[in-house]
Structure formats: structure tokens, C-alpha cells
Amino acid sequence: QVQVVESGGGLVQAGGSLRLSCAASGSIFSIGAMGWYRQAPGKQRELVAIITGGRTNYADSVKGRFTISRDNVKNTVYLQMNSLMPEDTAVYYCYVEGVVRGTIRDYWGQGTQVTVSS
């Protein structure tokens, strides 16, 4: 009923840039927060950035390097990642907070691999 589709991951050299995209579609009434989490091998999934109500929040480790934005017409959230570092290597997951059947529910993308080489 609700799909969250990510794209934009890949391999990049340290100092380079990538832009992740995530589009939500389906029988969703409205979308609240949208964001990005990441999970490196052996680590817990952690918040990278979220955007809702015009406010953004970033993990300290990515402040000044990553920028989250959204297109509400397309129900799409983006993550522009600049000055990438090897420690940014992880699977990045799109998060969507949606209202479906009158209930606030969380939806997740399948994850996209970001690998930063040194």
C-alpha cells in the first residue's frame, strides 16, 4: 500500500559527494517527518538527518557536510552528502512518517549502500 524507494548510493572517494533520493508513494494520506538513518556493520542504526515542519536535525558527525531537503509535491526526500569520509560508509535507510488509515505509521526504505574509500 505504501512504498518507499531509495536511490543514489554507490562508491565514492573520500572528499567526494553523493546525493540520495527517496520517494514515498501509495495510499498514504499525509507525510510528516522524512529522514535518513544509516547502519554500519556491527553497529546500531543511527539517525543521520530528519526534516519535518520546516525543521531539520542532523547527527553531529554530519553537520556541515550533509544537507537534507524534501519536495512535498513529489513526496521525495533527498540527502546531499559532501566531503564524504570513510566513516560515512554504511547502508543508508530512508524513513517516512505517514498517516495511513488514520494512524501514524513508520515506513522504511530497503536501504542503499554508500561506500567511501580512502
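Biologist: Okay, which residue does Glu-46 form a salt bridge with?

Modeller: Glu-46 pairs with Arg-38, and their closest N and O atoms are 2.9 Å apart. A salt bridge here is a side-chain nitrogen of Lys or Arg within 4 Å of a carboxyl oxygen of Asp or Glu. Keep in mind that this is a predicted model: local features need pLDDT of at least 70, side-chain atom pairs count only at pLDDT 80 or more, and totals for chains, interfaces and linings use all residues. Residues are numbered from 1 along each chain as its sequence is written, and side-chain values use heavy atoms, with hydrogens and water left out.

Biologist: Is Arg-38 buried or exposed?

Modeller: Arg-38 is buried, with a relative accessible area of 6%, whereas Glu-46 is partly exposed at 38%. Buried means under 20% relative accessible area, exposed over 50%, and partly exposed in between (1.4 Å probe, protein chains only).

Biologist: What else does Arg-38 form a salt bridge with?

Modeller: Asp-88, with the closest N and O atoms 3.0 Å apart. That pair links distant parts of the chain: Arg-38 sits in strand E4 (residues 30–39), Asp-88 in the loop between strand E8 (76–81) and strand E9 (90–100), and they are 50 residues apart.

Biologist: And which side chain meets Asp-88 in a salt bridge at 2.7 Å?

Modeller: That's Arg-65, with the 2.7 Å taken from N to O. Arg-65 lies in the loop between strand E6 (55–58) and strand E7 (66–71), so its pairing with Asp-88 ties together parts that are 23 residues apart in sequence. Both Asp-88 and Arg-65 are buried, and Asp-88 has a relative accessible area of 0%.

Biologist: So which residues are linked in the network?

Modeller: Arg-38, Glu-46, Arg-65 and Asp-88 are linked by salt bridges. The count for the chain comes to four salt bridges.

Biologist: New topic. How many helices and strands are there?

Modeller: Zero helices and 11 strands. Helices (H or I, at least four residues) and strands (E, at least two) are DSSP runs, numbered from the N terminus.

Biologist: How much of the chain is buried?

Modeller: Buried residues make up 42% of the 118 residues.

Biologist: And what share of the contacts with a separation of 6 or more is between residues 24 or more positions apart?

Modeller: That share is 56%, where contact means heavy atoms within 4.5 Å.

Biologist: Last one: what does the C-alpha trace span?

Modeller: About 45 × 25 × 25 Å along its principal axes.
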